[in-house]
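Okay, thanks for making time, everyone.

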Amino acid sequence: MSNAPVTLMVARRVARGRYRAFSVWLEDGRRLAAGFDGFLGSGVLAPPPGDDEYQIVFRFRDQSTLAAWEHSASRHAWLARGQGLFEAPHEHRATGLGSWFQDAVGNGPPRWKQAMAIWLAFFPVSLVFQWLFGDTLGTLPLFPRILLSTLMMTPLMVFLFIPLVTRLLAPWLNGRPAMQGRLERLPHPSRA
């Protein structure tokens, strides 16, 4: 079993008219997970206007701590209380950054596209962070300055900005190059 941190991403489509009850139920689940050994954090991405699918992220220290939470009686009771608030969820487990970009069968974009997506998330966050806290942290020695900045930015990146950028860039990340699409539309000699 892997000792790497594990992220469980769950998409839940809210039942019509149940948003308030769903929000309360979801917050109860996040508090429940926070009480388990190995819990590293959680986050919720609200759907864009006109959609009703929430993306919920739970992160644990490793596979075994995630499994302990997943198979716990308290989590099963919480899920039972949520019946009728959402449609059948879609779950995806991820270990490592590359898995943020993989689909359900493990296919993902080329590594250069993954690097670009991470950079597009990281650059503006770093820029705003330095604008807000750069003067304050700049007075600290190198080690505590880097320690504090990474402690503050990593959760923002993992739970908010990388999922947001991958969602916004999904057509580009998962699409085929334009030239390849054009070549496939040309008649093949064997078909002519």
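**Starting from Leu132**

So, Leu132 is found in helix 4; helices here are DSSP runs of H or I with at least four residues, strands are runs of E with at least two, and both are numbered from the N terminus. Before I go on: this is a predicted model, local features need pLDDT of at least 70, side-chain atom pairs count only at pLDDT 80 or more, and totals for chains, interfaces and linings use all residues. Residues are numbered from 1 along each chain as its sequence is written, and side-chain values use heavy atoms, with hydrogens and water left out.

Is Leu132 buried, partly exposed or exposed? It counts as partly exposed because its relative accessibility is 48%; buried is under 20% relative accessible area, exposed is over 50%, and partly exposed is in between, with a 1.4 Å probe and protein chains only.

The elements giving two or more residues to it are helix 4 (111-138) and helix 5 (142-168), and the largest share, 5 residues, comes from helix 5.

Ser149 counts as buried, because its relative accessibility is 9%. Leaving aside neighbours within four places in sequence, Ser149 is in contact (heavy atoms within 4.5 Å) with Phe129 and Leu137.

Zooming out a bit: the protein chain has 7 helices and 4 strands, in the order β-α-β-β-α-α-β-α-α-α-α. Of its 192 residues, 34% count as buried. Among contacts with a separation of 6 or more, 71% are between residues 24 or more positions apart.

Next, a helix pair. The axes of helix 1 (residues 19-34) and helix 3 (residues 73-81) come within 10 Å and cross at roughly 175°; axes are lines fitted to C-alpha atoms, for helices over the stretch in contact, and angles run from 0 to 180 degrees between N-to-C directions. So helix 1 is roughly antiparallel to helix 3, a label for angles over 145 degrees. The contact involves residues including Trp25, Asp28 and Leu32 of helix 1 and Arg75 and Trp78 of helix 3.

Asp28 has another partner: it forms a salt bridge with Arg31, closest N and O atoms 2.6 Å apart. A salt bridge here is a side-chain nitrogen of Lys or Arg within 4 Å of a carboxyl oxygen of Asp or Glu. Asp28 and Arg31 are 3 residues apart in helix 1, so about one helical turn separates them.

How many salt bridges are there? The count comes to 8. Take Asp52 and Arg13, at 2.6 Å, N to O. Asp52 sits in the loop between strand 2 (39-45) and strand 3 (53-60) and Arg13 in strand 1 (residues 6-13), so the pair ties together parts 39 residues apart in sequence. Arg13 also meets Glu53, at 3.2 Å, N to O, and that pair links strand 1 with strand 3, 40 residues apart. Put together, Arg13, Asp51, Asp52 and Glu53 are linked in a salt-bridge network.

Key. Angles under 35 degrees count as roughly parallel, over 145 as roughly antiparallel, 65 to 115 as roughly perpendicular and the rest as oblique.
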